[in-house]
Amino acid sequence: MAWRERIEGLYRRAAENPGTIALGGGFPAPHLFPSDALANSSQRVLHALGDQVLQYDWPEGREDLRAWIATRLTQRGLAVAPEELLVTSGAQQALSIAAEVLLAPGQRIDVDAATYPGALEIFESRGAKPLAYSRPGARALYRMPGLANPTGAVLSADGRKALLAQELPLIEDEAYAELQFAGPPGPPLAAEARDRVWLIGSFSKTLSPGLRVGWLVPPPAAFAQALELKKLQDIQSNGVTQALLMDFLARDDFEARLAHARRYYRAQAERLVEAVRRELPEWTFEVPQGGFSLWLTAPEGGDGVDLLETALAHGVTFDPGRLFQPSGRSRRLALRLCFSGVPAEALGEGARRLAIAWRSYRGRS
C-alpha cells in the first residue's frame, strides 16, 4: 500500500536526524541487552562446540533449548514436552507457519480492533481477511491475551472465557506476555484448549530482538504439518544463536532479569503517561498494564500519516494508528507512542513536541 511505503520513508528520514525523539518503533531498551554475557557465551560455545553448532541441525531446534522453554511453559500451567514445540526464527516465523496451516485465500480471521501490524501483513499475504470482531464467519482468531500490542492490555477472565467459548482455532501471541508490570503472566489460553490453540512466544522483547529466537507450540494434531512447513522455510533455525542462548540461560537469573525489566518499563510508562496528560489532555488512552507502548486516540479525526510528517518536522515520531487497524483506516485518529527505547529524560520533551505538532496539524486541517 502506498501509505505504508510513505510511513517507511518518514521513518527513514527520522533515522537520519539524531535529534529526533523516536516515540515509535517498539524497540526494547538497549541498556537491558545482556551484551557482555552473550559475548562470553558465544566465545564458550564456539570454542567448545564450534564444529557441532556450525553444522546443519534438526529443523525443530536444539533439544536443550526446547526443554528449557517447555519447562517454563509447564510451570505456567501448560504441560508440554520438548518434542511438542518448535524453535523458530522469532515469533514472526511462528506466526507465518500458523497462518499457512489455518488460513486460505478469502477466509476471515478475527482480530482486535488494534493489533500487531506484522500479523496483519502475514494474514493479508495469505490472501486472508483480518477483520475486527468479524464473527460469525471467521475461520480463526488471533489475539495477544497475555499482553496486547499496541494497547498494553491484559485480557480479563471474562474475556478469556468468551474467547474460548467461540471454539475456533486460535493463534495466541505471547511476544509481550512476560512483561506485564504486575509480575509473571498466568497460564496461556493453550492450557485450556490445547487441541486448537497455536501458542507463540519469543525472546525478542525479554532479551534481544537480534537473537531472532522464538517458539511455536502447535496443537498436537498439527505438529507434523507445522514441522514440515518449517523445513521448507529455513531447514533449521540459527544453531549458533540457539547454543549461545542456552549457554547464557544456564548461567543467568532469568527471573531477576525479567523483574528488573518490568520495573524499568513500568517507570517509563508512568513518565510518558504523566507527560501525555500534561501536554495532550484532550487525547484519551488506557494506562498500559505492561509492554512498550501507549495507545492514544485523538479528540477528532485526521490522517495519522500526515500528522507523522508534521511531527517529524518538529523533531518527534510515533507509529500511525492505521498500521495496527485491520482495515487500515478508522473514524478516529489514533497512534502508538513507545516509551521502551527512549531515554527517560526525553519522554516529556517528546510529548511536548508532539503537542506542538498536533496544534500545527489542526491549524492546517
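The legends below describe close-up views of one predicted model.

Residues are numbered from 1 along each chain as its sequence is written. Because the model is predicted, local features need pLDDT of at least 70 and side-chain atom pairs count only at pLDDT 80 or more, whereas totals for chains, interfaces and linings use all residues; side-chain values use heavy atoms, with hydrogens and water left out.

**View 1. An open, antiparallel sheet of three strands, in the order β9-β12-β11.** Helices (H or I, at least four residues) and strands (E, at least two) are DSSP runs numbered from the N terminus, and two strands pair if DSSP finds at least two bridges between them. The strands β9 (293-297) and β11 (319-320) stand at the edges with a single partner strand each, so one side of each is left without a neighbour in the sheet. Five bridges join β9 to the antiparallel strand β12 (residues 334-338), and the bridge partner of S293 in β12 is C338.

**View 2. Helix α9 (residues 254-279) lying across β9 and β12.** The helix runs at about 20° to β9, where axes are lines fitted to C-alpha atoms, for helices over the stretch in contact (heavy atoms within 4.5 Å), and angles run from 0 to 180 degrees between N-to-C directions.

**View 3. The largest pocket, with a volume of about 960 Å³.** A pocket is an open set of points on a 1 Å grid over the protein atoms alone, where a 1.4 Å probe fits, with protein on both sides within 12 Å along at least five of seven lines, and lining residues have an atom within 4 Å of a point; grid points are joined across faces, edges and corners, and a volume is the space filled by probe spheres set on the points. Of the 35 lining residues, G25, G26, F27, D319 and R336 lie nearest the centre of the pocket. The elements that give two or more residues to this lining are α1 (2-15), α4 (90-102) and α5 (117-125), and the largest share, six residues, comes from α1.

**View 4. The second largest pocket, with a volume of about 160 Å³.** Its lining includes D112, Y133, R143 and M144.

View 5. Just after α5, G127 takes a positive phi of about 85°.
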